[in-house]
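Here are a few friendly notes to read alongside the model.

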Amino acid sequence: MGPSPSDFPDIDFPARPTSDQPPVFIPPTPSYRLQSEPIWRYLILFVLTIASTTQAGGLHYASFIAGFTERIPDISILSLLLHGLWYSLSILAILGCHELGHYVACRYYQVDASRPYFLPMPFLLTGTLGAFIRIRAPIPGKRALFDIGIAGPIAGFLVAVPVLLVGMHMSTVVRVPDNFRGEVFELGEPLLFKAAEWLTFGSIPDGYSVNMHPMAFAAWFGMLATALNLFPIGQLDGGHISYAVLGRRSTLVTMVMVPCLVGLSFVSTSWIVWTVVTVGMLLAFGPRHPRVIDEEIPLDSSRMWLAVFALLMFILCFTPAPIQTAALVGRH
C-alpha cells in the first residue's frame, strides 16, 4: 500500500526562488533528522509476513499441482512450504519495491518517513494485507509530492511485469473435468494479465482453463494492489498524483470516484471492504488533499507524461470484479 495519511501542523517556511523566469517559490527542505526507530518492529512484521505468504503460497502450489481435480496432492509439508516461496518471494518483491519507491523518494527530498511495514494475514488468499510507510513530515512542494506519490506504483509495476511473464510461462492450460465440483475462485483478469495470457497460450479452447502457477497469482495480486493505490482519491498514491496535476480540482475527482467505488461494490462484493476503508479515510481526513505552498505552479512536461503513464498503469492493472467464488479462471 501507499504512504499512510498524516495530519501535519501548519508550518511557515521562508520561501526561496528556484528560478528567475518565471518566479517559482517553494519552501526549503525542512531540516528534519530521520527519526530513529527500533529495527525489530519491522523485522518481526517482515518475518511474520514471509511466514503467512509462504503458507498461502503452499496452498496455491497444492492447487496448482491438483490442476482442477479433486485429488489431494501427495506432497510433504516441507515441500509445500519450499514451493510456497514462489509466491511469497514474488509478492514481497512487488510490495516491497512499491514501498521502497516511496521511501527512496522521501529520502531524496529529506522527508521524514518510516521504513516499510509489512502486514501479515494468515489464512487469507493472499497471505498479507500489503505494506505501507508512514510519512511523518510535511512534503516540501508539489514536485516532491508528485515524485513521492508516483515512485511507489512505478517501482512495483516494473517488478510485477516480469513476475507476471515468468509466472504465466510456468502456468499450464488444462482441461476442466465436466464433473469438477471443487471450490475455486474466479479472478478478474486485468488487461495486462489478459495480454500475458494470450502471448503465452494464444486462444484457449472451450472447456480448458489456465492453471495458475503461484508466481502468476503473485503478479495478479501485485497488479490489484497497484490499481487500488492509483485510485485518484484523497491521500492514496493516485490522490497525490491527481492533486499535483489538478490542484484543488482534484477534490472533484475524489468526490466522483466515491460513487464509482460504491457502484463497483454492486458489480463484485470484493470491493465492499476497499470502499468502506476509502470512505472511512475520507471521513477521517476529509476529501481535500492537504495543500502545498506552490499549489498554483504547474508541473513540468516530463512529470505530466509520467502522470499519463500512471493512468495507463491503472487501466492495465484494473479489473471491475477482482475475486468471485464458484467459477473458473480463464474458463471458456
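At what angle do α3 and helix α4 (residues 191-201) pack, and how far apart are their axes? The angle is about 35 degrees, and the axes are 9 Å apart.

Before the points, a word on the basis: this is a predicted model, where local features need pLDDT of at least 70 and side-chain atom pairs count only at pLDDT 80 or more, while totals for chains, interfaces and linings use all residues. Residues are numbered from 1 along each chain as its sequence is written, and side-chain values use heavy atoms, with hydrogens and water left out.

1. Helix α3 covers residues 142-170, 29 residues in all, and spans 43 Å from first to last C-alpha, close to the expected 42 Å (1.5 Å times one less than the number of residues). Helices here are DSSP runs of H or I with at least four residues, numbered from the N terminus. There is a kink of about 30 degrees at Ala 151, shortly before Pro 153; the bend is the angle between axes fitted to the seven residues ending there and the seven starting there.

2. On the α3 side the contact includes Phe 157, Val 161 and Leu 164, and on the α4 side Leu 192, Phe 193 and Ala 196; contact means heavy atoms within 4.5 Å. By class, nine nonpolar, two polar and one charged residues take part.

3. Helix α2 (residues 77-108) packs on α3 at about 160 degrees, with the axes 6 Å apart. The two are therefore roughly antiparallel (angles over 145 degrees), and their crossing is right-handed. Among the residues in contact are Ser 90, Ala 93 and Gly 101 of α2, with Gly 149, Gly 152 and Gly 156 of α3. The class count is 14 nonpolar, seven polar and one charged.

4. The axes of α3 and helix α9 (residues 301-317) come within 11 Å and cross at roughly 40 degrees, and the helices are therefore oblique to each other. This crossing is left-handed. Twelve nonpolar, no polar and three charged residues make up the contact.

Key: Axes fitted to C-alpha atoms, helices over the stretch in contact; angles between N-to-C directions. Parallel < 35°, antiparallel > 145°, perpendicular 65-115°, else oblique. Left-handed = near helix turned anticlockwise from the far one by under 90°. Nonpolar A, V, L, I, M, F, W, Y, C, P; charged D, E, K, R; others polar.
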